[in-house]
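Here are my notes on the model you sent over. Have a look at the structure first, then read on.

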Amino acid sequence: MPLALLAFAAALQAGPAPAPVMHPPHVIAGGGATGGDMAALITSYRECLRAKAAAVPVSVTPEAAAATAMAGCQREHDAVSASMTEMIATLPAEQQTMIRAKIAEREAAIPGQIADGIRAARAGTPAPAK
């Protein structure tokens with residue numbers, strides 16, 4: 001279970017769309033989202049980030065564009081976060097702490113990754129792989 005959550009956290013990073021994550025059709029955590037539901041939430045969040053970042057004028061710095069994209073996709077972020085929180089709550093405490101730390105670390109990297117992607121797009125070069 002922790003590896004699945006880490007995979008979902010990794011999917012939050014802006015980058016090429018991953019292959020769909022397949023999980024059994026049952027509910028992963030009691031009353032929580034299924035693997036397919038979580039994948040759909042993450043995909044929606046990533047698509048929102050891409051669209052919002054692409055819509056920011058070129059006159060805006062990549063960092064400000066990333067912040068704008070993040071703010072514009074807060075609803076999608078909150079949906080992913082709530083679903084992950086629900087799933088994490090079913091795990092033993094020591095695993096919860098480790099997974100929360102990994103998710104926080106990866107979420108903190110998202111604005112920089114968006115800004116890097118914007119810079120690369122503006123320069124006409126591929127975004128650096130992370």
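**Notes on the disulfide and a helix pair**

1. There is 1 disulfide in the structure, a disulfide being a pair of cysteine sulfur atoms within 2.5 Å. Keep in mind that this is a predicted model, where local features need pLDDT of at least 70, side-chain atom pairs count only at pLDDT 80 or more, and totals for chains, interfaces and linings use all residues. Numbering starts from 1 along each chain as its sequence is written, and side-chain values use heavy atoms, with hydrogens and water left out.

2. The bond links cysteine 48 and cysteine 73, with S to S at 2.0 Å. Cysteine 48 sits in helix H2 (residues 35-55) and cysteine 73 in the loop between H3 and helix H4 (74-88), so the pair ties together parts 25 residues apart in sequence. Helices here are DSSP runs (H or I, at least four residues), numbered from the N terminus.

3. The link of cysteine 48 and cysteine 73 is left-handed, with -95° about the S-S bond.

4. Are these cysteines buried or exposed? Cysteine 48 is buried at 12% relative accessibility, and cysteine 73 is buried at 0%. Buried means under 20% relative accessible area, exposed over 50%, and partly exposed in between (1.4 Å probe, protein chains only).

5. On to the helix pair: H3 (residues 62-72) packs with H5 (residues 93-123) at about 125°, their axes 8 Å apart. Axes are lines fitted to C-alpha atoms, for helices over the stretch in contact, and angles run from 0 to 180 degrees between N-to-C directions.

6. Pro62 and Met70 are among the H3 residues that meet H5, where the partners include Ile110 and Arg122; contact means heavy atoms within 4.5 Å.

How values were computed
Helix = DSSP H or I, 4+ residues; strand = E, 2+ residues; numbered from the N terminus.
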